[in-house]
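This briefing goes through one protein model by topic. Have the sequence and the 3D view open while reading.

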Amino acid sequence: AYQGTYRQIHIDIPRMSPNISLFRQKVVQDIFERILFIWSVRHPASGYVQGINDLVTPFFIVFLYNNLPQGVNIDSVNVECLDQDKRNMVEADSFWCFCKFLAGIQDNYIFPQLGIQHKINQLRELIKRIDGSLHSHLESNGIEYLQFSFRWMNNLLTRELPLRCLIRLWDTYLSELDTFAIFQLFVCAAFLLHWRDDLLLEKDFQGLMLMLQNLPTQDWSDAEINMLVAEAYRLKCTFADAPNHFQTKGS
């Protein structure tokens with residue numbers, strides 16, 4: 001009954017973070033396969049959805065790093081050489097934290113993923129209110145928010161940011177766990193607004209989509225994430241308690 005699920009997980013895992021050699025190690029891929037397969041079996045309402053595999057990564061990295069000698073470069077670690085008990089602890093801790101984290105946003109992954117679609121619509125209305133020029137520029141060039149922000153919402157920016165920045169951002173996500181779904185919306189809004197000047201320079205659909213799908217964050221550090229989080233908090237304080245900001249005049 002679960003062969004299709006296992007097959008899809010088995011296909012997706014090798015594609016994960018292709019630029020990081022750690023994730024090409026078979027022992028690491030096996031850990032991710034077990035975590036994702038067991039979670040999918042335990043959550044039949046959603047089952048496995050592409051992109052969920054990325055959400056294990058921050059937990060795995062943090063728990064793995066905690067079991068390594070100080071100063072070791074995590075990308076050069078041979079996980080198979082790690083003590084079996086430590087590997088088991090990393091896997092178990094990653095699994096349970098992953099379960100706890102997804103418990104609050106599981107609706108996002110139940111077909112047809114209405115939770116994410118709702119957040120994308122909210123993002124569209126929020127940007128329309130905050131920065132009408134950027135919103136009009138995107139729409140006049142045929143850009144739909146679904147085309148670029150679905151991945152942001154589905155993968156929680158794991159594919160948009162370097163791993164070092166992802167850990168810093170998720171530290172804030174976890175501190176906002178009770179209101180995480182709301183906060184993520186404002187992080188995505190702040191992320192889009194960060195690139196407004198560059199986006200306004202692009203004059204057609206192709207240029208805009210190429211940029212939105214390949215935003216140049218490779219040199220980002222904690223400084224940029226701190227600014228992103230600060231702006232997200234500012235937007236949240238301004239708009240989170242004002243639901244009318246998410247409604248068009250015609251709605």
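The centres of domain 1 and domain 2, taken over C-alpha atoms, are separated by 25 Å. To their contact, domain 1 gives 17 residues and domain 2 gives 15 residues, where contact means heavy atoms within 4.5 Å. Domain 1 covers 1-108 and domain 2 covers 114-241; such bounds come from an automatic or database domain assignment.

This is a predicted model, in which local features need pLDDT of at least 70 and side-chain atom pairs count only at pLDDT 80 or more, while totals for chains, interfaces and linings use all residues. Residues are numbered from 1 along each chain as its sequence is written, and side-chain values use heavy atoms, with hydrogens and water left out.

**The nonpolar core**

- The largest nonpolar core has 81 residues, and Leu22, Phe60, Phe98 and Leu192 touch the most other members.
- Helix H9 (residues 180-194) supplies the largest share of this core, eleven residues.
- Both domain 1 (1-108) and domain 2 (114-241) give this core at least three residues each.
- A nonpolar core is a set of buried Ala, Val, Leu, Ile, Met, Phe, Trp, Tyr and Cys residues joined through side-chain atoms within 4.5 Å. Buried means under 20% relative accessible area, exposed over 50%, and partly exposed in between (1.4 Å probe, protein chains only).
- Helices (H or I, at least four residues) and strands (E, at least two) are DSSP runs, numbered from the N terminus.
- Not counting residues up to four places away in sequence, Phe98 touches Ile35, Leu36, Trp39, Ile52, Leu55, Val56 and Phe59.

**Helices H5 and H6**

- The axes of helix H5 (residues 114-130) and helix H6 (residues 132-140) come within 5 Å and cross at roughly 125°. Axes are lines fitted to C-alpha atoms, for helices over the stretch in contact, and angles run from 0 to 180 degrees between N-to-C directions.
- H5 and H6 are therefore oblique to each other. Angles under 35 degrees count as roughly parallel, over 145 as roughly antiparallel, 65 to 115 as roughly perpendicular and the rest as oblique.
- From H5, Arg124, Ile127, Lys128 and Ile130 meet Gly132, Leu134, His135 and Glu139 of H6.
- By class, this contact of H5 with H6 has three nonpolar, two polar and three charged residues. Ala, Val, Leu, Ile, Met, Phe, Trp, Tyr, Cys and Pro count as nonpolar, Asp, Glu, Lys and Arg as charged, and the others, Gly among them, as polar.

**Helices H7 and H11**

- In H7, the buried residues are Tyr145, Phe148, Ser149, Trp152, Met153, Asn154 and Asn155. Their cover includes H5, H6, H9 and H11.
- After H7 comes Leu156, with a positive phi near 55°.
- Helix H11 (residues 205-213) has Gly207, Leu208, Met209, Met211 and Leu212 buried. These buried residues pack against H6, helix H7 (145-155), H9 and helix H10 (196-201).
- Leu212 of H11 counts as buried at 1% relative accessibility. Beyond four places in sequence, Leu212 is in contact with Leu138, Ile143, Phe148, Trp152, Leu192 and Leu199.
- Leu212 and Leu199 are 13 residues apart along the chain, with their C-alpha atoms separated by 8.2 Å.

**Two single residues**

- Asp54 is found in the loop between helix H2 (26-42) and H3 and is buried, with a relative accessible area of 6%.
- Leaving aside neighbours within four places in sequence, Asp54 is in contact with Met16, Asn155, Thr158 and Arg159.
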